[in-house]
Amino acid sequence: MEKALVFAALERSSVSFFYIEEHETAVSRWKRARTRAAKLGKGWCKDEKAQMLASQYLLEAIDPRHRFGLNLHLYYDVWSDCKTIQPFFYWLDVGDGKDVNLKDCPRSVLTLQCIKYLGPKERESYQVIVENGKLVHRQTGMLVHTVELGSKWIFVLSTSRALYVAQEIKGVFQHSSFLSGGAVSAAGRLVAHNGVLEAIWPSNGHYLPTIHNFKKLISFLEEQQVDLTNVKQMSAMDDDEESFIDPTDHQHESMGSTSNATNREAPVYDLSKRLSCKWST
């Protein structure tokens with residue numbers, strides 16, 4: 001129900017707004033803005049150092065279809081440079097930009113690569129708890145096992161200290177999926193064999209982790225009596241920064257220890273410098 005209400009509110013803020021004959025009131029506009037802000041900042045009140053979505057993925061969270069953020073940004077750049085009073089999502093889907101088809105991201109790719117955002121009930125299936133030092137799926141009681149050939153498993157730690165784990169599916173299921181784009185205390189990837197944690201490292205994509213966030217995760221695991229003696233604690237990787245346009249082009253770096261784990265510089269997407277009255281209409 002919560003997910004449906006949020007979707008309806010976001011849909012109204014993009015395309016369906018222009019199908020309303022009467023002008024929207026100032027009060028209604030503020031309600032829309034508050035809905036979006038609350039959705040993206042949810043969890044901050046519980047952890048003041050929680051990580052919100054990186055700026056390049058904000059469009060993904062606002063989009064009712066949750067099309068992949070980096071793909072949307074290619075079209076956002078075109079919209080930003082054109083002279084139109086149409087809000088971005090209206091321009092993109094039914095307005096003057098509906099026929100724009102970029103070489104770097106064809107419409108077919110933009111439409112196909114939509115990130116699944118889980119509702120409260122859906123995410124319960126992905127929650128993981130610790131029993132006797134092992135990672136266990138809360139609903140099924142099965143041990144977390146991530147060593148399938150070629151698979152990548154991701155996690156987020158919510159600000160309410162709930163751990164969620166799932167297999168990553170490029171262009172479909174990412175870190176932002178678990179909490180519907182809400183703030184997280186930590187996010188990254190892990191490797192576990194029959195419930196035994198073997199390796200863990202921070203994400204550098206949808207959420208830009210800090211050393212504080214990683215230490216928060218380590219503290220959580222220690223409190224849950226997870227033995228970290230032989231767990232490989234690796235530095236950040238940038239898997240999520242890659243565009244999904246060419247899913248076969250993945251570049252991975254060697255990983256060092258967390259003693260000098262620092263975030264590599266990610267591309268900067270400063271929406272505030274480009275937002276204009278077009279965006280707020």
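Colleague: Is strand S4 largely enclosed by the rest of the structure or exposed?

Modeller: Bear in mind that this is a predicted model. S4 covers residues 163–167, and four of those five residues are buried. That is why the strand comes out as largely enclosed by the rest of the structure.

Colleague: Which residue is the bridge partner of Val 128 in S4?

Modeller: Start with strand S1, residues 127–131, which runs antiparallel to S4 and is joined to it by two bridges. In S4, Val 128 is partnered by Leu 163.

Colleague: And on S3, which residue stands opposite Val 165 of S4?

Modeller: S3 takes in residues 153–157 and is also antiparallel to S4, with five bridges joining the two. Opposite Val 165 you'll find Phe 155.

Colleague: Which residue takes a positive phi in the hairpin of S3 and S4?

Modeller: That hairpin has five residues between its strands. The positive phi, near 65°, belongs to Arg 161.

Colleague: What about His 66: buried or exposed?

Modeller: His 66 sits in the loop between helix H3 (58–62) and helix H4 (69–81). Its phi is positive, about 55°, although it isn't a glycine. The relative accessible area of His 66 is 11%, and the cut-off for buried is under 20%, so His 66 is buried.

Colleague: What is the relative accessibility of Ser 180?

Modeller: Look in the loop between helix H8 (175–178) and strand S5 (186–193) for Ser 180. Ser 180 is another residue other than glycine with a positive phi, near 55°. Ser 180 counts as buried, because its relative accessibility is 13%.

Conventions. Residues are numbered from 1 along each chain as its sequence is written. This is a predicted model: local features need pLDDT of at least 70, side-chain atom pairs count only at pLDDT 80 or more; totals for chains, interfaces and linings use all residues. Side-chain values use heavy atoms; hydrogens and water are left out. Buried means under 20% relative accessible area, exposed over 50%, partly exposed in between (1.4 Å probe, protein chains only). Helices (H or I, at least four residues) and strands (E, at least two) are DSSP runs, numbered from the N terminus. Two strands pair if DSSP finds at least two bridges between them.
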